[in-house]
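User: I want to learn how to read a structure one feature at a time. Can you walk me through this one?

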Amino acid sequence: GILLRQLKSALKDQSDAVYCQAFRDFSEALNKATVAAARIATEQVYQHVIAENDFYEACVTLPMRPIVLGGDDVTLFCRADLALDYATTFCCAFKQESERALVNVFKQYLSDSGLFPYITASGGILYHKAGHPFSHSHHLVEALCDKAKVLTKSVYGTQSNKVGPAALAFYRVSNATQSNLSQLLTQAQTFS
């Protein structure tokens, strides 16, 4: 959000064509960074599976299923013991890959913005049983992502030009529930 506000401000006196091109360049760079970071994190899962099972490489089935990969969104199912490693690897790789992908955007449009030349990723991990309803799981993961983003933004505040660190929020549900995240946290943290 910080980078987009700065980009909008830097382009306020530019033509519509320049404005549209700048945002297209940003969007393409963001997508490139997301895909590259996901590739790095997936490679780590692949190497882990190879090492633990001593598989012949042509016969590997990854214990994960991508659902969404594009823009700045990544949604996937992943074996529980690999999820945190995947997410942390993705976040570290995303910071590095965004710096590579956004170099031209910064040179061309944001050279004197004072911003860090990268962006960070925040996310949520929900540990649940395989049969847990997807639609409710998805809502809980979105709430966890929002919680992580709030933490990221709280480091420097929303009016700062500094990008906050990557953050992950995670939670484990053991049975199907229709409760939202705040209700689940209240129930889990309250003892009678």
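User: How many salt bridges does the count come to?
Analyst: Start with the general idea. Side chains of opposite charge can pair when their charged atoms come close. Keep in mind that this is a predicted model. Here the count comes to three salt bridges.

User: Which residue meets Glu 52 in a salt bridge?
Analyst: Arg 79 does, with N to O at 2.9 Å. Now place the two ends. Arg 79 lies in the loop between strand 2 (73-78) and helix 3 (80-101), while Glu 52 lies in helix 2, so the pair ties together parts that are 27 residues apart in sequence.

User: With which residue does Asp 81 form a salt bridge?
Analyst: With Arg 79, and the closest N and O atoms are 2.6 Å apart. Asp 81 has 47% relative accessibility and therefore counts as partly exposed. Glu 52, Arg 79 and Asp 81 are linked in a network of salt bridges.

User: Where do Arg 100 and Glu 97 lie?
Analyst: Both lie in helix 3, three residues apart, which is about one turn of the helix. Arg 100 forms a salt bridge with Glu 97, with the closest N and O atoms 2.5 Å apart. Check the accessibility at each end. Arg 100 is exposed, at 56% relative accessible area. Glu 97 is buried, at 14% relative accessibility.

User: Now surface charge. Which residues form the negative surface patch?
Analyst: Read a patch as a group of residues, then look at a member. Asp 72, Asp 73, Glu 142 and Asp 146 form a negative surface patch. Take Glu 142. Glu 142 sits in helix 5, residues 134-156.

User: Which residues make the nonpolar surface patch?
Analyst: Ile 67, Val 68, Phe 77 and Phe 134 make a nonpolar surface patch of about 320 Å². Val 68 is one of these residues, and Val 68 is found in strand 1, residues 64-70. Its relative accessible area is 35%, so Val 68 is partly exposed.

User: How many disulfides does a search of the whole structure find?
Analyst: Here the test is sulfur to sulfur, with a cut-off of 2.5 Å. The search of the whole structure finds zero disulfides. Cys 78 is in no disulfide, and its nearest cysteine sulfur, that of Cys 91, is 13 Å away. Cys 91 is in no disulfide either; for Cys 91 the nearest cysteine sulfur is that of Cys 92, 7.0 Å away.

User: Is Cys 91 buried or exposed?
Analyst: Cys 91 counts as buried, because its relative accessibility is 9%.

User: Next, the fold. How many helices and strands does the protein have?
Analyst: The protein has six helices and four strands. Then read the order. From the N terminus on, the elements run α-α-β-β-α-α-β-α-β-α.

User: What does the C-alpha trace span along its principal axes?
Analyst: The C-alpha trace spans about 55 × 50 × 25 Å. Of the 192 residues in the protein, buried residues make up 36%.

User: Where is Val 49 found, and is Val 49 buried or exposed?
Analyst: Val 49 is found in helix 2, residues 16-53. At 2% relative accessibility, Val 49 is buried.

User: How do I read separation in sequence against separation in space?
Analyst: Val 49 and Gln 187 are 138 residues apart along the chain, and their C-alpha atoms are separated by 36 Å. Then take Ser 135 and Gln 47. They are 88 residues apart in sequence and 31 Å apart in space, C-alpha to C-alpha.

User: Where is the place of Ser 135?
Analyst: Ser 135 is in helix 5. Its relative accessible area is 47%, so Ser 135 is partly exposed.

Conventions: Residues numbered from 1 in each chain as written. Predicted model: local features only at pLDDT ≥ 70, side-chain atom pairs only at ≥ 80, totals over all residues. Heavy atoms only, no water. Patch = residues over 30% accessible without salt bridge, like charges linked within 9 Å, V, L, I, M, F, W, Y side chains within 5 Å. Areas by Shrake-Rupley, 256 points an atom, 1.4 Å probe, with all protein chains shown as cover. Salt bridge = Lys/Arg side-chain N within 4 Å of Asp/Glu carboxyl O. Lys, Arg positive; Asp, Glu negative; His and termini not counted. Charge placed at Lys NZ, Arg CZ, Asp CG, Glu CD. Helix = DSSP H or I, 4+ residues; strand = E, 2+ residues; numbered from the N terminus. Buried < 20%, exposed > 50% of the residue type's maximum accessible area, 1.4 Å probe, protein only.
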